[in-house]
Amino acid sequence: MFETVGMVDGAELRKLIDDGQLRRGTMGGLPVPEPLRALLPGGLSRQRVTAIGHGIGATSLAMALTAAGTEHGGWVGVVGVPRWGVLVAHELGVACERTALVPDPGERWAAVLSALAEGMRMVVAQPVTPLTQKMRIRLQTRARQTDCVLLILGNWPEAAVQHSTSEPRWHGIWADGHGRLARRELTVAAVPRSARAASTTVWLPDRRGRIAEPAPTRLVECWQSGSRGRDRIRLGLEDAGDDGRVATQDGPDGIFRRCYHNDEARAVAQLQQVIDQHNHLTWRDVTETSQPLPSRQTPSVPAASAL
């Protein structure tokens, strides 16, 4: 199922190209997933490098962007990324049967990248050693000459766009430690060389293992402790459509928590835990001030003694 390329040279790749086993894509930028189009409106450039800084979720972001490289018969090369998970990449849309993996290129990293660029629509690479500016420009020129998208994991000063990932937040674990990791909320930022920086929040992965845009939420019910100042707590139950239910907590002492759950019962249970932890406070329902959903019967937290 998977095509893995080890320490290859130009002659071997040339034979694959001549035999018609590798095909390049068409001219123009490669499309990116819908949740990232605001950051890369022109797609992935074939003329300049796109870079992703080292951070939590960086490899997952690279996989999501790589999916376009294997569409319509295209091939992708992955160089120097030993933790590239083929099953995770497959869930994000990468055709593993058209992915050439070179997890450990050794000192020939640049030579392997240059050779793969000859026959691939896209090459994802992580430098194993620091590169001089001359070498970076040479590799970038090589990618441009061969009409190959070059996606770098790490810093690349000459990159057309430098991406970063931050604020990872997994959802599915209860406050008491029970549950299962279901999806991760991640902030993705893009800093173009000739435009203003921008960022967006995505699911990466969502419940299906893909990249998706979080659904807008609507407040269903809201409670607030009767005290003021540092001890004031505001709890909310929100409807996020296909993303399930959201339990929110604002306070005490500046704490803000937001947790997605697959069903309403778990979201309510998490709110109940907060109420139980602060049962010395007086609580009141302030839902009437927050425009609840008109077509939905307002639920109630099962804590008559606390509310």
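In what order do the five strands of the open sheet come? Before I answer, note that this is a predicted model. The order is β12-β11-β10-β9-β13, and the pairing is antiparallel. At the edges are β12 and β13, each of which pairs on one side only. On average, neighbouring strands in this sheet are turned by 20° against each other, with direction ignored.

A reminder for anyone new to this: the strands of a sheet are paired through backbone hydrogen bonds, in either a parallel or an antiparallel way.

For Cys222, the bridge partner in β10 is Gly236.

Now the helix. α6 covers residues 264-277, which is 14 residues. From first C-alpha to last it reaches 20 Å, close to the 20 Å expected at 1.5 Å a residue. At its N-terminal end, α6 is capped by Asp263, with a side-chain oxygen 3.2 Å from the backbone nitrogen of Ala265.

How do the two parts go together? α6 lies across β9, β10, β11, β12 and β13, and runs at about 180° to β10. Which residues of α6 are buried? They are Ala267, Val268, Gln270, Leu271, Gln272, Gln273, Val274 and Ile275. The buried residues of α6 pack against β9 (218-225), β10 (234-239), β11 (245-250), β12 (256-261) and β13 (283-285).

That is what I have for today.

How values were computed. Residues numbered from 1 in each chain as written. Predicted model: local features only at pLDDT ≥ 70, side-chain atom pairs only at ≥ 80, totals over all residues. Heavy atoms only, no water. Helix = DSSP H or I, 4+ residues; strand = E, 2+ residues; numbered from the N terminus. Expected span 1.5 Å × (residues − 1). Buried < 20%, exposed > 50% of the residue type's maximum accessible area, 1.4 Å probe, protein only. Contact = heavy atoms within 4.5 Å. Polar contact = N/O pair within 3.5 Å; in protein donor to acceptor, adjacent residues only side chain to side chain. Pairing = 2+ DSSP bridges. Axes fitted to C-alpha atoms, helices over the stretch in contact; angles between N-to-C directions.
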